[in-house]
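Have the viewer open as you read.

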Amino acid sequence: MESITEHLKHQNLALSPVNVKKICCSGPTCAVIALKCPHIQVTIVDLNQARVDAWNDADFHLPIYEPGLEDVVRHARGRNLFFSTDVDKGIQDADLIFVSVNTPTKKSGVGAGFAADLNYVELATRRIAAVASTSKIIVEKSTVPCRTAESMRTILEANSKPACRFDILSNPEFLAEGTAINDLFAPDRVLIGSLQTPEGLSACESLSQVYANWVPKDCILNVGLWSSELSKLAANAMLAQRISSINALSAICEATGANIDEVSYAIGCDSRIGPKFLKASVGFGGSCFQKDILNLVYLSESLHLPEVAAYWRQVVEMNEYQKRRFSKTVVDTLFNTITGKRIAVLGFAFKADTGDTRESAAITLIRDFLSERAFVNIYDPKVEHAQIWQDLQDASPQQSLQQLQKQVTICSSAMSACKNAEAVVIATEWKEFKNINWELIYAGMEKPAFVFDGRLLLDAEILRKIGFKVVVIGRGERL
Ligand SMILES: NC(=O)C1=CN([C@@H]2O[C@H](COP(=O)(O)OP(=O)(O)OC[C@H]3O[C@@H](n4cnc5c(N)ncnc54)[C@H](O)[C@@H]3O)[C@@H](O)[C@H]2O)C=CC1
Ligand SMILES: O=C(O)[C@H]1O[C@H](OP(=O)(O)OP(=O)(O)OC[C@H]2O[C@@H](n3ccc(=O)[nH]c3=O)[C@H](O)[C@@H]2O)[C@H](O)[C@@H](O)[C@@H]1O
């Protein structure tokens, strides 16, 4: 794949790229651009006042927990990084606008449960058309179905003022939560999709020059708009597919006595496969994998490709199966009933190093435990208690908050969550769970005391020596 510079050389760039001086973004992804480009003014606009207030908080209680983010904001905020709810001013002032609004799965109407809800993208686009009085580069940063950039262009062209031209680029985001700052500092690649016209390529070069302030030129790739949009969905689908593949194998391991960690290691040594994203788990979560695969399923169905749709749908179905399978293992192991028993769930976030709970496997597990009429103690080092209550209510809408509170206790430490419990379930791979005093935990639990490690986090042999009965995902060994 050519770098943009090589590509443009071959294309004989006809237009000079815009020298970007002011960037406006909707959504919180551009703080790193501000840090790395002190000569560019970056304004992050959001309609949500509470979120903007948190970004501007004097004590840096930022709206999301992300390692390293506070440092970035401390350096750049007030210098060339600003947060505001004045979306219109942000649009008017900028020469380049990132649209990184939410694109959740549609809840109703055509494609409900699968298609991406593009309402926020459309509203943001219409606002840009209504407010902008000078030409701008519009960068689609949200994850969207293939050809959304075309819809954005149609809306902008139909509503723009004379002498106002818009160039649309696709620049999908590949950061992962928990490692977002490192991912942004040293991305594997920056992908920019553009029309392969002189205007499109010139806009692409403008954005490329922004990234070139810290990303090596060879890592900045230019492809067509539709390829860029599809590559984002494809990357997430393939990452999730690896997890579902390894989770499917974990079921075979449990049935045969093989060890999934050994299998992952052995297959990951093949350089064609590679070692990453082969960690068996209680199921993948997060705001994007499921949403983006369902989006791909919907796209495939819309294109009359049912076999392709069925192929990708299976990745999500395997993930659901993995969560169900794990809940069932807990019930089966605890002598086929957990009614009235106390279960400590350690971890509620969808992965470690984030406070984000969207689609977290812990929510499904806890919902299953509650439906078996168990008592559940929950501890997570970063998730807000209000968020836990909200997620549990959303997962069990038939139960009132008062009913939930009779069955669920949110605890302030792992130790207190495990007190008098019959079983501990590791739902998120927080490092601190490795280092807690398991002897003390054992002493405070009902006997026999069980540990269910859904994240391959703990040393099962050490726990067994303490006296625990241990069940590890992907291991068919004795308790
Ligand atoms: N969260 C992540 O780690 C990643 C997210 N993405 C994609 O980025 C997009 C955004 O995702 P998140 O940041 O997680 O969503 P989010 O829901 O956390 O944030 C989106 C923000 O946009 C604001 N917003 C909505 N409409 C607006 C408008 N018209 N003007 C100004 N602000 C507006 C909302 O108030 C909200 O605060 C999605 O398409 C997602 O798939 C891509 C890669 C990573
Ligand atoms: O589009 C997005 O939002 C992002 O989605 C994922 O990032 P994220 O969901 O933040 O986190 P991941 O590290 O991918 O983890 C997702 C889920 O898979 C699980 N996982 C991950 C890796 C693994 O080997 N096993 C496994 O079960 C994690 O615990 C977590 O629940 C992708 O990794 C990012 O590249 C992408 O930009």
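This is a predicted model: local features need pLDDT of at least 70, side-chain atom pairs count only at pLDDT 80 or more; totals for chains, interfaces and linings use all residues.

Helix 15 spans residues 385-395, and its buried residues are Ile388, Asp391 and Leu392. Looking down the axis of helix 15, you'd find these buried residues within an arc of 95°, so they line one face of the helix.

Helix 4 runs over residues 69-76, with Val72, Val73 and Ala76 buried.

The buried residues of helix 4 pack against helix 2 (31-36), strand 3 (81-84) and helix 8 (180-185). Just after helix 4 comes Gly78, which takes a positive phi of about 85°.

Two packed helices are described by the angle between their axes and the distance between the axes. Take helix 12 (residues 289-302) and helix 13 (residues 306-333): their axes come within 8 Å and cross at roughly 165°. Helix 12 and helix 13 are therefore roughly antiparallel to each other, and their crossing is left-handed. On the helix 12 side, the contact is made by Gln290, Ile293, Leu294, Leu296, Val297, Ser300 and Glu301, which meet Pro306, Val308, Ala309, Trp312, Arg313, Val315 and Val316 of helix 13. Sorted by class, the residues of this contact are 10 nonpolar, two polar and two charged.

Helix 10 (residues 225-256) packs on helix 13 too, with axes that come within 9 Å and cross at roughly 45°. Helix 10 and helix 13 are therefore oblique to each other, and this crossing is left-handed. Helix 10 brings Ala237, Ala240, Gln241, Ser244, Asn247, Ala248 and Ala251 to the contact, while helix 13 brings Trp312, Val315, Met318, Asn319, Gln322 and Arg325. The class count for helix 10 with helix 13 is seven nonpolar, five polar and one charged. As for helix 10 and helix 12, their axes come within 9 Å and cross at roughly 115°, in a left-handed crossing. Here Leu233, Asn236, Ala237 and Ala240 of helix 10 meet Phe289, Asp292, Ile293, Asn295 and Leu296 of helix 12, which by class makes six nonpolar, two polar and one charged.

Most residues other than glycine have a negative phi, and most peptide bonds are trans. Which residues here go against that on phi? Arg147 has a positive phi of about 85° although it is not a glycine, and Phe277 has a positive phi near 60°. Arg147 is in the loop between strand 5 (136-140) and helix 7 (148-159), and counts as partly exposed with 13 C-beta neighbours inside 10 Å. Phe277 lies in the loop between helix 11 (260-268) and helix 12; with 16 C-beta neighbours inside 10 Å, Phe277 also counts as partly exposed.

For the peptide bonds, look at Lys447 to Pro448, which is cis with omega near -5°. Pro448 is in the loop between helix 18 (438-444) and strand 13 (450-453).

## Cys30 in its loop

Buried or exposed: which is Cys30? Cys30 is buried, with 25 other C-beta atoms within 10 Å, and is located in the loop between strand 1 (22-26) and helix 2. Leaving aside neighbours within four places in sequence, Cys30 is in contact with Ile23, Cys25, Val42, Ile44 and Phe98. As for Ser108, its C-alpha is 31 Å from that of Cys30, with the two residues 78 apart in sequence.

How values were computed:
Residues are numbered from 1 along each chain as its sequence is written. Chains are lettered from A and ligands numbered from 1 in the order in which they are written. A residue is buried if 20 or more other C-beta atoms lie within 10 Å of its own, exposed if 12 or fewer, and partly exposed in between; C-beta atoms are placed from the backbone. Helices (H or I, at least four residues) and strands (E, at least two) are DSSP runs, numbered from the N terminus. The arc is that of the directions from the helix axis to the C-beta atoms. Axes are lines fitted to C-alpha atoms, for helices over the stretch in contact, and angles run from 0 to 180 degrees between N-to-C directions. Angles under 35 degrees count as roughly parallel, over 145 as roughly antiparallel, 65 to 115 as roughly perpendicular and the rest as oblique. A crossing is left-handed if the near helix is turned anticlockwise from the far one by less than a right angle, and right-handed if clockwise. Two residues are in contact if their C-beta atoms, placed from the backbone, lie within 7 Å. Ala, Val, Leu, Ile, Met, Phe, Trp, Tyr, Cys and Pro count as nonpolar, Asp, Glu, Lys and Arg as charged, and the others, Gly among them, as polar.
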